[in-house]
Amino acid sequence: MKALLSTATGGPETLQLGELPRPSAGKGQIVIDVKACAVNFPDVLIIEDKYQFRPERPFAPGGEVAGLVAEVGEGVTEFKVGDRVIAGCGNGGMSEAVAVSVHNVYHLPEAHDFAEGASLLMTYGTSIHALVDRGHIGEGDTLLVLGASGGVGIAAVELGKAFGARVVAGVSSEEKAGIARAAGADEVVVYGRQPFDKDQSKELANKFKEAVGPNGANLVYDAVGGDYAEPALRSIAWEGRYLVVGFPAGIPRLPLNLTLLKSCDVAGVFWGAFVAREPVRNRANIARLFQLWEQGKIKPRVTESFALADGGKAIAKLGDRTAVGKLVVTL
């Protein structure tokens, strides 16, 4: 079967269209004929050997897919051949078929297409886990979202509004500001490109403080890192929760004296590990997402689609932070 393969450590330019053996369904697995594979920031890291796990090469990137069940393994009763499904697969999604464990597979309602379905699990799953399980979001909270025009950022904005929060979006351009506002952001802060000197960092902190208001942000959702982290932390509320989601701008060094002064918490968000360790709680979160999806309170925003052979171009757009919304490879 055709697959976009990582055969050597490197950037998107190292990916090659090639062949892999078609998988078969083991015990507790199904095989999915892939119709769409969403592109996420872990795809940038995994081909550079910078992610939390390193698959044996050659492998195909792509951690979440939508498609049709082609084969059902021993012990699987909740799915049958021909079912429309979405699934988290870790890697292997940018191929014509993938075998997955049923613990992270869900039926895709007929009302939603494959591209939209492929874009739900990782971004919205990460964000609902961050806001609810790690951030304990409440009605009336103020939420500051960094990187608010990307996949997880848009999900955080939409979910924040669905849970009754006032949402301040941080983005890097006026175009991205429009995306954040369309997702429901109440306020938008447009920041420049790092690196920041001391004065620039202070200026950004003041912008965040002005936007979140005098009481500060009850939650900071940081999917960016880098030089943006400290100014965001300086805008946090007393006993606020700082959610560490990702580092496309680099791993920051937070001044821990600020956490003491604000009596705030810094909470890591590792959705993939949560799925493996807490499958029952994760499925409850995903069920809640499906309800919000049905109610129109969330909607994956697919902004670009790419052919399988061009999947590297999509990964490159995430790597250089030019992507807006969700990018999807379609087969």
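Reply: The model is predicted, so local features need pLDDT of at least 70 and side-chain atom pairs count only at pLDDT 80 or more, whereas totals for chains, interfaces and linings use all residues. Residues are numbered from 1 along each chain as its sequence is written, and side-chain values use heavy atoms, with hydrogens and water left out.

Me: How far apart do the end C-alpha atoms of residues 10-329 lie?

Reply: The UniProt record, an unreviewed entry, annotates residues 10-329 as "domain: Enoyl reductase (ER)"; positions are in the numbering used here, feature names are shortened, and annotations may be inferred rather than shown by experiment. With helices (H or I, at least four residues) and strands (E, at least two) taken as DSSP runs numbered from the N terminus, the span is 33% helix and 25% strand. Its end C-alpha atoms lie apart by 20 Å.

Me: How are helix 3 and helix 10 oriented to each other?

Reply: Axes are lines fitted to C-alpha atoms, for helices over the stretch in contact, and angles run from 0 to 180 degrees between N-to-C directions. The axes of helix 3 (residues 121-134) and helix 10 (residues 279-294) come within 10 Å and cross at roughly 110 degrees. Angles under 35 degrees count as roughly parallel, over 145 as roughly antiparallel, 65 to 115 as roughly perpendicular and the rest as oblique. Helix 3 and helix 10 are therefore roughly perpendicular.

Me: Which residues in helix 10 does helix 3 meet?

Reply: Contact means heavy atoms within 4.5 Å. From helix 3, the residues involved are Leu121, Tyr124, Gly125, Ile128, His129, Val132 and Asp133, and in helix 10 they meet Arg281, Asn285, Ile286, Arg288 and Leu289.

Me: Is threonine 126 buried or exposed?

Reply: Threonine 126 lies in helix 3, and 12 of the 14 residues of that helix are buried, where buried means under 20% relative accessible area, exposed over 50% and partly exposed in between (1.4 Å probe, protein chains only). Not counting residues up to four places away in sequence, threonine 126 touches Leu121, Val152, Tyr221, Val245, Val269 and Trp271. At 9% relative accessibility, threonine 126 counts as buried.

Me: Which residues form one aromatic cluster?

Reply: Rings of Phe, Tyr and Trp (its six-membered ring) pair if their centres lie within 6.5 Å, and planes under 30 degrees apart count as stacked, over 60 as edge-to-face and the rest as tilted. The structure holds 6 aromatic pairs, among them the tilted pair of tyrosine 191 and tyrosine 228, at 4.7 Å centre to centre and 45 degrees between the planes. Phenylalanine 196 and tyrosine 228 have ring centres 5.2 Å apart and planes at 85 degrees, so this pair is edge-to-face. The one cluster is formed by Tyr191, Phe196, Phe208 and Tyr228.

Me: What is omega for the peptide bond from glutamine 194 to proline 195?

Reply: Most residues other than glycine have a negative phi, and most peptide bonds are trans. Proline 195 is in the loop between strand 10 and helix 6. The bond from glutamine 194 to proline 195 is cis, with omega near 5 degrees.

Me: What is phi of histidine 136?

Reply: Histidine 136 is found in the loop between helix 3 and strand 8 (142-146), and histidine 136 is exposed, with a relative accessible area of 56%. Although histidine 136 is a residue other than glycine, its phi is positive, near 50 degrees.
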